[in-house]
Amino acid sequence: MPSAILDPLLQPFRLKHLTLRNRVVSTSHEPAFGEDGMPKDRYRAYHLEKARGGVGLTMIGGSAVVSPDSPPAFGNLLLYRDDIVPWLRRLAADVHEAGAAVMCQVTHLGRRTSNFTGDWLPVVSASPLREPAHRAFPKAAESWDLDRIVADYASAAVRCREGGLDGIELEAYGHLLDSFLSPATNHRDDEWGGALEKRMAFPRRVIRAVREAVGPDFIVGIRMSLDEAQPGGLTFDEAITAAQQYAAGGIDFISTIHGSIERDASLAKAIPSIGTPLGPYLDFTGEIKRRLPIPVMHAARIADVATARHALREGLLDLVGMTRAQIADPHLVAKVKSGQEDRIRPCVGASYCLDAIYDSGDTKCVHNPSVGRELHLPHLVPLTTGRRRRAVVVGAGPAGLEAARVLGERGHDVVLFEASDQPGGQIRLAASNPRRADLIQIVDWRLAECKILGVDLRLGAYAEADDVLAEQPDLVIVATGGMPNRSFLTAGEDLVSDTWDVMTGSLRRPKGDILVYDDHGGYPAMDAVEVLTASPDLRIEYVTPERALAPDVGSMNSPAYLRAFTAHGVTITLAQRLRSVRRTGDGRLAATLYSEYTEAETERIVDHVIVEHGTLPADELYVELLPGSRNLGEVDHRALLANEQQSVVRNEAGRYQLFRIGDAVASRNIHAAIHDALRLCLPV
């Protein structure tokens with residue numbers, strides 16, 4: 001491990017007049033933590049945590065909007081309102097006090113939003129081309145639109161300066177500014193379209209207006225695609241020319257993007273996720289750095305410290321964006337500085353942080369439930385101030401491992417039973433999809449932490465009630481997960497396989513026609529199909545009662561699955577419910593499907609039926625332990641949500657508190673399981 005003196009991550013960097021304490025940045029992104037379009041306490045706490053965790057520069061307001069006809073598409077801040085200034089001041093003051101700099105990304109979304117939200121003003125773009133991701137049909141901006149928007153950019157920049165921020169960053173990929181620059185989206189034949197010089201004209205006008213409004217000393221950067229990597233799109237040479245012109249016009253730094261974000265497939269390449277190489281665009285960014293006279297910043301799957309150091313040592317960039325890495329662990333820099341690099345909670349690339357914005361309203365890390373909940377769930381678990389307790393946790397899936405970790409951090413004596421000889425539960429199943437193997441880091445990190453904290457981990461130990469009671473526990477947490485649910489079938493439950501059979505390999509060398517039935521809508525069936533596509537001789541039909549393919553798999557993760565589906569020729573059947581399965585005379589399977597729309601049944605003759613219908617709790621141990629517990633398993637929801645100790649007493653003769661968490665309660669996801677464990681155990 002490099003010493004702090006030699007570590008390139010920890011070296012100061014001078015950006016214009018501003019000295020950053022190190023080279024690590026949390027680049028602009030929108031977690032959707034604002035309230036009424038303002039960065040209030042929750043938003044401030046999220047960025048303050050990163051400042052306390054050592055980041056050099058944190059950037060707020062991913063796509064903070066400058067005009068009312070740029071309505072929020074994903075929780076954007078409203079920079080066109082004067083009442084944002086006091087909130088910016090408070091955030092800036094707190095972040096500065098913690099030693100970090102703070103800037104805001106500023107934009108007009110152009111067509112990357114909806115016509116049917118906000119004030120219902122028509123959205124504008126360089127040309128009237130539909131935006132695929134948000135499905136808006138924009139109008140071509142008229143001259144009076146451009147005059148108004150230029151003034152709005154300038155006013156928004158001034159609000160950021162008055163709010164005490166250290167600078168701003170103009171956003172120019174997928175939004176209004178680059179809709180003029182890119183030939184793919186600018187089909188105009190007036191003074192704003194055609195040759196590169198004309199396509200650059202509007203962005204340059206905005207840059208001039210912003211610079212004149214904020215003065216020469218305020219830092220103004222730009223984040224832009226330097227190669228859209230699509231037919232008819234912005235090329236590298238044209239983008240470099242534009243960037244050079246922008247620098248000459250007052251831009252102080254550039255944050256580089258490769259690709260475009262208008263479609264799910266291209267978005268997943270521009271912001272690469274799990275199963276892709278680390279730092280895929282570092283050499284690309286290095287070439288940009290060689291050609292531009294201003295500092296260069298870049299963030300794209302720089303998920304670990306080693307990759308970040310490499311980028312800096314090789315001179316590929318000046319400031320390294322570790323954005324998702326610091327969502328997973330906002331104390332990343334502090335841990336590097338203190339020699340605890342091996343204790344950094346890893347970013348596994350699941351991109352739940354992005355998909356959750358559309359799925360459930362705001363950013364969430366797949367395995368750090370404190371993200372966005374900083375006001376009541378701390379990232380650093382403190383030692384208990386109460387008595388030391390004897391705790392037994394049963395089940396070493398994500399819920400049980402997190403419970404053991406948190407109780408260990410609190411200073412309690414913890415025994416963790418796991419029936420399997422390998423911990424991880426359903427995460428281990430998901431990670432058996434080779435593309436998603438990095439998910440196992442969620443398990444590995446917790447195992448390493450539990451070892452440091454002295455948790456007594458007993459693998460291959462199927463815990464029965466007597467085993468638990470022999471430990472004389474004060475607290476028992478049942479995290480035994482669930483088992484695949486096939487009970488929804490009216491007939492043929494014993495004839496089908498489930499997605500666990502695929503992922504564990506117990507369905508050996510399937511052949512012929514496969515029907516995969518997904519009444520879950522999340523990752524398990526998609527993983528099973530992707531794994532099955534590795535066998536070229538299978539003919540796969542994916543069937544779901546939903547009106548869309550896997551609605552709980554977001555735009556960051558669906559492209560990889562769809563690539564496998566398309567390459568293998570998987571047939572997709574929507575709006576069909578599997579009712580029953582029977583054996584045919586020749587030994588094959590007849591699957592009966594039912595349409596709720598036509599109220600008719602159809603039949604498929606296949607060789608295998610694989611079902612995914614979530615899990616049912618494996619709660620036998622919990623039920624057996626209930627009579628001896630003080631609380632009879634009851635959870636005080638008010639205390640849970642207030643981060644207070646559980647104190648329910650339903651049985652005065654009970655010897656221990658008893659709770660269950662994760663899928664031992666109900667079939668949910670990784671984040672829910674870990675969240676259950678953290679908030680239950682934190683007050684203990």
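Is Asp676 buried or exposed, and what is its relative accessible area? Asp676 is buried, at a relative accessible area of 12%; buried means under 20%, exposed over 50% and partly exposed in between, with a 1.4 Å probe and protein chains only.

1. Basis. The model is predicted: local features need pLDDT of at least 70, side-chain atom pairs count only at pLDDT 80 or more, and totals for chains, interfaces and linings use all residues. Residues are numbered from 1 along each chain as its sequence is written, and side-chain values use heavy atoms, with hydrogens and water left out.

2. Asp676 and its partner. Asp676 forms a salt bridge with Arg668, with 2.5 Å between the closest N and O atoms. A salt bridge here is a side-chain nitrogen of Lys or Arg within 4 Å of a carboxyl oxygen of Asp or Glu. Arg668 counts as partly exposed, at 35% relative accessibility. The whole structure holds 54 salt bridges.

3. Arg148 and Asp69. These two side chains meet in a salt bridge of 2.9 Å, N to O. Because Arg148 lies in helix α3 (residues 143-162) and Asp69 in the loop between β4 (57-65) and α2 (84-97), the pair ties together parts that are 79 residues apart in sequence. Helices (H or I, at least four residues) and strands (E, at least two) are DSSP runs, numbered from the N terminus. Asp69 is buried, with a relative accessible area of 4%, whereas Arg148 is partly exposed at 28%.

4. Glu142 and Lys139. The side chains of Glu142 and Lys139 also form a salt bridge, at 2.9 Å from N to O. Glu142 is partly exposed at 38% relative accessibility, and Lys139 is partly exposed with a relative accessible area of 24%.

5. Glu171. Glu171 sits in strand β8 (residues 167-172), and its side chain makes a polar contact of 3.3 Å with that of His175. A polar contact is a pair of N or O atoms within 3.5 Å; within protein, one must be able to donate a hydrogen and the other to accept it, and residues adjacent in sequence count only if both atoms are side-chain atoms.

6. Arg23. This residue lies in the loop between β2 (18-20) and β3 (24-26). Arg23 is buried and has no salt bridge, the nearest side chain of opposite charge being Asp318 at 5.0 Å. The side chain of Arg23 does reach the backbone oxygen of Asp318, at 3.2 Å. Leaving aside neighbours within four places in sequence, Arg23 is in contact (heavy atoms within 4.5 Å) with residues including Pro8, Phe13, Leu312 and Val320.

7. Ile674. Helix α22 (residues 670-681) contains Ile674, which is buried with a relative accessible area of 0%. Not counting residues up to four places away in sequence, Ile674 touches Val366, His367, Pro369, Pro398, Glu402, Ile442 and Arg446. Ile674 and Gly662 are 12 residues apart in sequence, and their C-alpha atoms are 7.3 Å apart.

Key. Lys and Arg count as positive and Asp and Glu as negative; His and the chain ends are not counted.
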